[in-house]
Amino acid sequence: MIDRDIKQCLGQMIKGVQVVGAAHDGVRRAYTSHWFEQVSFEEPIVMASVSPKHDTYPLMVEAGRFAVSILAADQIVEGQYFSYPGRKFRYVADEYLTDWPGRDHVLPVVPNSISWLHCETFDRVTMADHELLFARVVEVAPLRLKEPPLLYSSRLGWRVTGDKAREPGVSIRDQLLDRIPVDD
């Protein structure tokens, strides 16, 4: 069990919300994640953290690929639905999941998301209670890129991306560069 103070500090982190979906042998499943990240600037490499207990996990491993739907702020219902094991809701909300069109294999995605990412797994690392799947993004579908994303914090709950943190026209970087002494 995580120490209470550590848990509260970690709970301050706020992250984007995605739905990760996979399919294999005619079965498709998805789960809500806020533990999905880009992990490289040089290549389009991402990491998905998933519990081996989740019903999506074996499909991700067997298929060697998965899809990620980046949720918009107006998709809290979809985010909440996929945050529970599918068996809890008995997979009743078929309208929250569709197949990426034009594919020769099934990639389940959430309709009307900000974007979809097709990811092909190339490495897995086992952690204490999760497995990290590293994958290359091999295809994207930009859908509603101007929409604000849905965010989540274990302490603050579901959130919408807010206002900009900087004033327009103000460059913190330029202000810091101006402080560097110029050699004569």
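Visitor: What makes E2 and strand E6 (residues 65-70) a pair?
Guide: Two strands pair if DSSP finds at least two bridges between them, and E2 and E6 have 4 bridges, in the antiparallel sense. One of the bridges sets Val20 against Val68 in E6. Helices (H or I, at least four residues) and strands (E, at least two) are DSSP runs, numbered from the N terminus.

Visitor: On what kind of model does this rest?
Guide: This is a predicted model, in which local features need pLDDT of at least 70 and side-chain atom pairs count only at pLDDT 80 or more, while totals for chains, interfaces and linings use all residues. Residues are numbered from 1 along each chain as its sequence is written, and side-chain values use heavy atoms, with hydrogens and water left out.

Visitor: How do you know that E2 also pairs with strand E3 (residues 27-33)?
Guide: E2 and E3 share 7 bridges in the antiparallel sense. Ala23 faces Arg28 of E3 in this pairing. The two strands form a hairpin with 2 residues between them, and Asp25 in the turn has a positive phi of about 50 degrees.

Visitor: Why is strand E2 (residues 18-24) called mostly covered?
Guide: Buried means under 20% relative accessible area, exposed over 50%, and partly exposed in between (1.4 Å probe, protein chains only). In E2, 6 of the 7 residues are buried, so the strand is described as mostly covered. For the chain of 184 residues, the buried share is 37%.

Visitor: Why is Thr56 called buried?
Guide: The relative accessibility of Thr56 is 0%, which is under the cut-off, so Thr56 counts as buried. Thr56 is found in the loop between strand E5 (45-50) and H2. Contact means heavy atoms within 4.5 Å; leaving aside neighbours within four places in sequence, Thr56 is in contact with Val20, Ala22, Arg29, Ala30 and Tyr31.

Visitor: Is Tyr57 buried or exposed, and how do you know?
Guide: Tyr57 has 14% relative accessibility and therefore counts as buried. Tyr57 lies in helix H2 (residues 57-63). Not counting residues up to four places away in sequence, Tyr57 touches Val50, Ser51, Pro52, Arg124 and Glu131. Tyr57 and Glu131 are 74 residues apart along the chain, and their C-alpha atoms are separated by 8.9 Å.

Visitor: What makes the approach of the His118 and Arg103 side chains a polar contact?
Guide: A polar contact is a pair of N or O atoms within 3.5 Å; within protein, one must be able to donate a hydrogen and the other to accept it, and residues adjacent in sequence count only if both atoms are side-chain atoms. The side chains of His118 and Arg103 make such a contact at 3.0 Å.

Visitor: Which strands stand at the edges of the open sheet, and why?
Guide: This open sheet of 3 strands has the order E1-E11-E12, with antiparallel pairing. E1 and E12 stand at the edges because each has a single partner strand, so one side of each is left without a neighbour in the sheet. Strand E1 (residues 15-16) and strand E11 (residues 150-153) pair over 2 bridges, with Leu151 as the bridge partner of Gly16. E11 and strand E12 (residues 157-160) pair over 4 bridges, and Leu150 stands opposite Val160. A hairpin of 3 residues joins E11 to E12.

Visitor: How many helices and strands does the chain have, and what are its spans?
Guide: The chain has 5 helices and 12 strands. Its C-alpha trace spans about 70 × 45 × 35 Å along the principal axes. Among contacts between residues at least 6 apart in sequence, 61% join residues at least 24 apart.
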